[in-house]
Amino acid sequence: MDIRKAMEERILFCDGGMGSLLQAKGLKPGELPGIWNITHPEALVEIHREYLEAGADIVTTNTFGVDGLKYNGQTGYSVEEVVRAAVRNGREAIRQSGKEAYIALDIGPTGKLLKPLGDLGFEDAVRLFGQVAAIGADEGADLVLIETMSDSYEAKAAVLGAKENCGLPVFVTVTFDEKGKLLTGGSPASVVAMLEGLGVDALGMNCGLGPMQMKGILKEVLALSSVPVIVNPNAGLPRSENGKTVYDIDEDTFASLMGEIARMGARVVGGCCGTTPGHIRRTVKACQGIEPVPVHKKGRTVVSSFAQAVVIGRDPVIIGERINPTGKPKFKQALREHNLEYILQEGAAQQDHGAHVLDVNVGLPEIDEPSMMEEVVRELQSIIDLPLQIDTSDLDAMERAMRVYNGKPLINSVNGKEESMRGVFPLVKKYGGVVVALALDEDGIPETADGRLKIAEKIYQRAAEYGIGAEDIVVDALCMTISSDSKGAVTTLEAVRRVRDELGGKTILGVSNISFGLPVRENINAAFFAMALQNGLSAAIINPNSDGMMRVYRSFRALWALDENCGDYIQAYAPEAAKKKAEAAAERRGNTGGPGSACPETAAAAGPDAPTGSALAAGIERGLKEQAARAVRELLSARDPMEVINQEMIPALDRVGKGFEAGTVFLPQLLMSAEAAKAAFEIVRESLQASGGEQEKKGEVILATVKGDIHDIGKNIVKVLLENYGYEVLDLGKDVPPEKIVGLAVERQVRLVGLSALMTTTVPSMEKTIALLRQKAPWAKAMVGGAVLTKEYADSMGADCYCRDAMASVNYAEEIFKGQ
Amino acid sequence: MDKMEQWFGTGEGFPWEEKEILRYLGHRGQEIPENVKQLIGECQRELENAAAARSVCAEYPLAIQDHVIDMGVLQTKSRNLEKNLRDCGRILIFGATLGSRVDVLLKRYGQLSVSRAVVLQAASAAMLETYCDYCNEAWREEYQKKGWYLRPRFSPGYGDFPLECQKEIFAVLELSKRIGVTLTDSLLMAPSKSVTAVIGLSKKPGTCSVQGCEACGKISCEYRR
């Protein structure tokens with residue numbers, strides 16, 4: 001019987017621990033256990049058989065950690081030999097036991113962290129897992145059990161690897177800590193959302209904790225999961241006794257807790273580290289007669305990031321709309337120049353202002369949208385823990401983004417056109433996601449709410465045919481601007497309300513379209529937003545940096561009893577109230593901000609001992625971003641931009657740099673100054689551009705952290721300083737192969753290359769890069785820096801300059817580019 | 001160390017050693033402006049939230065013969081370590097980490113604000129050391145009851161203790177599975193705010209109390225105390 005069918009009928013039992021049993025049979029510490037499948041098949045068959053005789057329905061192959069990284073030819077056995085032998089051992093044990101049982105092909109983590117946190121590429125991980133799955137399936141495994149995953153991203157790679165290489169059922173268990181978190185920070189809610197989205201057949205937890213500690217987490221998982229839940233705990237919490245690991249509970253206690261776990265609703269139970277056939281025998285007995293708890297569809301609409309889940313439901317969700325080039329010349333320029341920093345800034349600012357999800361749209365005719373989309377999603381998810389909304393009409397871009405996304409994304413969008421549904425739904429089915437369904441089809445946008453509901457119904461129905469539930473659809477009833485259609489808002493609001501009331505669906509709107517073509521659009525947007533929320537809008541795509549819109553949102557939640565004790569509202573606006581009160585009090589006293597004022601920034605600038613007499617220079621020297629920005633704006637109204645740069649800003653930067661070299665200024669100050677200068681430079685640049693000019697660049701400098709090294713802080717420090725001094729920095733990032741660095745130097749005839757390395761182990765990469773540079777780009781100078789480097793070391797590898805700190809790199813660049 | 005326990009429970013009030021943060025920032029007694037102080041404080045709060053400190057430790061036999069240090073699961077040669085392990089009969093091998101969320105923070109501000117990234121870098125380094133000290137103190141108390149004294153911890157890469165030993169340490173302690181620390185192909189640890197080390201156990205009270213920087217042979221290091 002197919003295990004999925006069996007799981008519907010009764011509680012199934014997994015086996016227990018493997019490692020300690022193998023050690024008891026003579027496996028040495030440090031020896032690769034997988035090899036025993038070939039060298040000691042009788043030992044494996046015996047262990048599997050003992051578990052079967054104890055009552056296990058599932059034997060797990062001895063393939064934990066067997067992958068092409070560890071079995072790379074040096075072990076004497078290939079992945080293929082080991083996996084095939086392991087499955088055969090399972091089959092032989094089943095034959096000997098005479099029972100009907102299932103062989104679970106065990107897939108454990110690689111032991112590597114995925115990029116960008118570690119050095120294993122996502123697609124490399126998919127390939128490693130896929131290889132094992134393909135071999136195991138071919139040898140006759142009945143299911144794939146992906147287990148002990150403590151990083152959701154690696155779990156995703158494993159599921160894709162399994163599903164793309166075999167048709168077997170896929171079970172996944174992850175390892176939570178005592179706080180209910182994955183090692184990389186995921187929660188039960190984010191894990192369940194992602195795994196269900198990927199279409200696993202069962203999910204749950206193993207290892208890390210004993211059954212006692214798992215109960216609380218299990219309760220949470222059971223409340224969220226629409227698929228059967230697996231629980232394979234350790235034999236309690238471990239402690240070391242005379243160099244041996246022992247567990248804090250005995251077999252009977254374990255079994256009775258497992259009985260409780262089955263009664264709570266777990267449908268597959270077994271054990272992990274420290275558990276033995278004895279534990280499983282008693283567990284099977286303890287579970288006898290327990291009526292399996294039926295598995296219900298939960299119908300939750302939920303998206304997730306690596307760390308958190310966002311539920312789309314009664315409490316409205318804010319989706320930040322700013323990562324979108326439409327109507328934003330600066331954003332377009334950033335995309336063309338491949339300026340990801342700008343995009344990340346937009347993302348971080350929206351998070352700070354209260355967005356729950358970030359829309360990501362990078363569509364621009366002249367760029368390669370699929371590559372850009374993939375890259376932006378990778379970068380955003382590595383620094384921001386909000387779920388993303390992948391916003392594109394390019395199916396290739398959509399798929400690439402969904403594939404690399406670490407979680408369950410929102411997808412924007414599908415519509416009622418057959419072609420659209422045919423393209424988008426298979427992707428949603430494969431990778432998981434909640435998809436925005438636009439209420440339009442081949443005949444355009446219906447004028448009435450009735451028409452839009454009909455399209456929504458059609459989309460729900462077609463989605464169901466692909467196996468996508470209604471909970472994974474949010475309907476966009478579409479906003480038509482009221483300046484061209486006076487009934488636009490009325491129709492949209494009716495449709496929003498009726499999707500909720502008549503179809504039981506969730507809704508989403510790009511709110512600001514409503515005011516297109518009208519003056520002071522914020523007025524209309526805010527009022528319409530409040531009306532839409534009142535009519536049941538579940539998610540709003542807005543600009544969270546807009547104070548007016550967030551006021552509506554927070555007020556609505558307070559009024560609609562969604563904000564307990566108005567806590568969020570008070571937290572957001574109490575500081576504003578306090579500030580106003582203080583200002584009013586100050587005004588009554590006639591205090592207008594002279595010496596002794598509460599505002600240190602202005603006091604510093606206006607005070608008698610401001611070091612240069614210029615507010616701009618003071619702002620830069622003291623590292624006060626806002627003051628520097630304000631001051632430069634004032635100066636630019638009266639003076640020439642280049643004059644401001646050369647007479648005010650550069651001298652200020654020089655003074656800070658000299659202070660740093662002399663030891664009177666320390667590193668954080670230097671960098672805060674650099675950032676204040678950078679903010680001021682932005683403004684000067686805008687002013688120059690507005691008058692058709694441009695700040696002349698002194699030259700191009702390549703910066704990179706060398707291959708093998710994943711530390712980039714030093715390189716980033718150098719970058720910000722060089723940019724302030726007018727250099728165009730070509731930042732290649734970290735872990736950069738020599739060929740890439742030298743290739744760029746040749747392509748752009750770059751005269752200066754800065755290389756950073758932090759570890760002795762990565763210094764040889766630096767040496768290689770310099771050697772290649774000498775060969776292919778003899779005109780280029782190489783400056784090097786990093787914690788382990790010394791002048792002697794730098795000289796010995798042929799570097800032109802050893803930079804002991806960031807200022808040294810600026811000084812060297814000035815020397816190289818002087819007088820050109 | 002009640003404060004440490006409190007931080008484990010609440011995510012607030014980590015027992016910071018401010019001086020260490022400043023040392024990592026290259027502070028040499030300069031006046032610290034208000035906005036830098038504020039930045040340091042903000043970084044401390046962010047780290048208290050993001051860090052998830054975990055450690056794992058196991059005890060092994062130790063024998064030293066002909067300059068080969070044999071810990072049962074790992075054999076190596078290192079004059080510095082040999083000196084550190086004089087009179088020791090057993091050894092603790094341990095790994096500790098602040099977790100990957102700290103790296104997410106470091107990456108975030110590496111892109112968005114390098115001054116904040118630098119302070120986070122320094123504060124997280126100090127945080128990790130304080131956490132290791134806390135762990136060591138607990139083991140010291142435990143072993144003292146059994147008549148063992150702990151030597152200062154010594155990490156691969158200190159002096160001439162080969163970094164290559166990381167491979168064995170990672171394998172025997174199952175660091176990736178148990179605390180989520182992995183080793184890159186170039187032997188860097190990921191998450192970056194992680195430590196592995198060995199601690200000698202001796203029946204003789206500490207003849208050598210040199211610890212951290214002072215125990216290291218690399219006298220040219222910029223961060224040396």
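1. **Ground rules.** Because this is a predicted model, local features need pLDDT of at least 70 and side-chain atom pairs count only at pLDDT 80 or more, while totals for chains, interfaces and linings use all residues. Residues are numbered from 1 along each chain as its sequence is written, and chains are lettered from A, with ligands numbered from 1, in the order in which they are written.

2. **Overall build.** Chain A has 31 helices and 25 strands; these are DSSP runs numbered from the N terminus, with helices being H or I of at least four residues and strands E of at least two. Its radius of gyration is 31 Å, close to the 28 Å of the globule rule for 820 residues, so chain A is as compact as a globular protein of that length. The radius is taken over C-alpha atoms, and the rule is 2.2 Å times the number of residues to the power 0.38. Along the principal axes, the C-alpha atoms of chain A fill a box of roughly 95 × 75 × 55 Å.

3. **Burial and contacts.** Of the 820 residues in chain A, 53% are buried, meaning that 20 or more other C-beta atoms, placed from the backbone, lie within 10 Å of the residue's own. Among contacts in chain A between residues at least 6 apart in sequence, 74% join residues at least 24 apart; a contact needs C-beta atoms, placed from the backbone, within 7 Å.

4. **The barrel.** Do have a look at the eight strands of chain A that close into a parallel barrel in the order β13-β14-β15-β16-β17-β18-β19-β20. Strands count as paired if DSSP finds at least two bridges between them. Neighbouring strands of this sheet are turned by 30° against each other on average, direction ignored. Helix α16 (residues 418-431) of chain A packs on the sheet, touching β16 and β17, and its direction makes about 150° with that of β16(A). Such angles run from 0 to 180 degrees between N-to-C directions, with axes fitted to C-alpha atoms, for helices over the stretch in contact.

5. **Strand β19.** Four of the five residues of β19(A) (residues 506-510) are buried, so this strand is largely enclosed by the rest of the structure. A:Ile508 of β19(A) stands opposite A:Asp476, and its bridge partner in β20(A) is A:Ala539. The chain crosses from β18(A) through helix α18 (residues 488-503) to β19(A) in a right-handed β-α-β crossover: with the strands pointing away from the viewer, the path from the first strand over the helix to the second runs clockwise.

6. **Strand β3.** Elsewhere in chain A, six of the six residues of β3(A) (residues 102-107) are buried. A:Tyr102, A:Ala104 and A:Asp106 point one way, and A:Ile103, A:Leu105 and A:Ile107 the other. β3(A) pairs in the parallel sense with β2(A) (residues 58-60) over three bridges, and four bridges join β3(A) to the parallel β4(A) (residues 143-149).

Terms used:
A residue is buried if 20 or more other C-beta atoms lie within 10 Å of its own, exposed if 12 or fewer, and partly exposed in between; C-beta atoms are placed from the backbone. Two residues are in contact if their C-beta atoms, placed from the backbone, lie within 7 Å.
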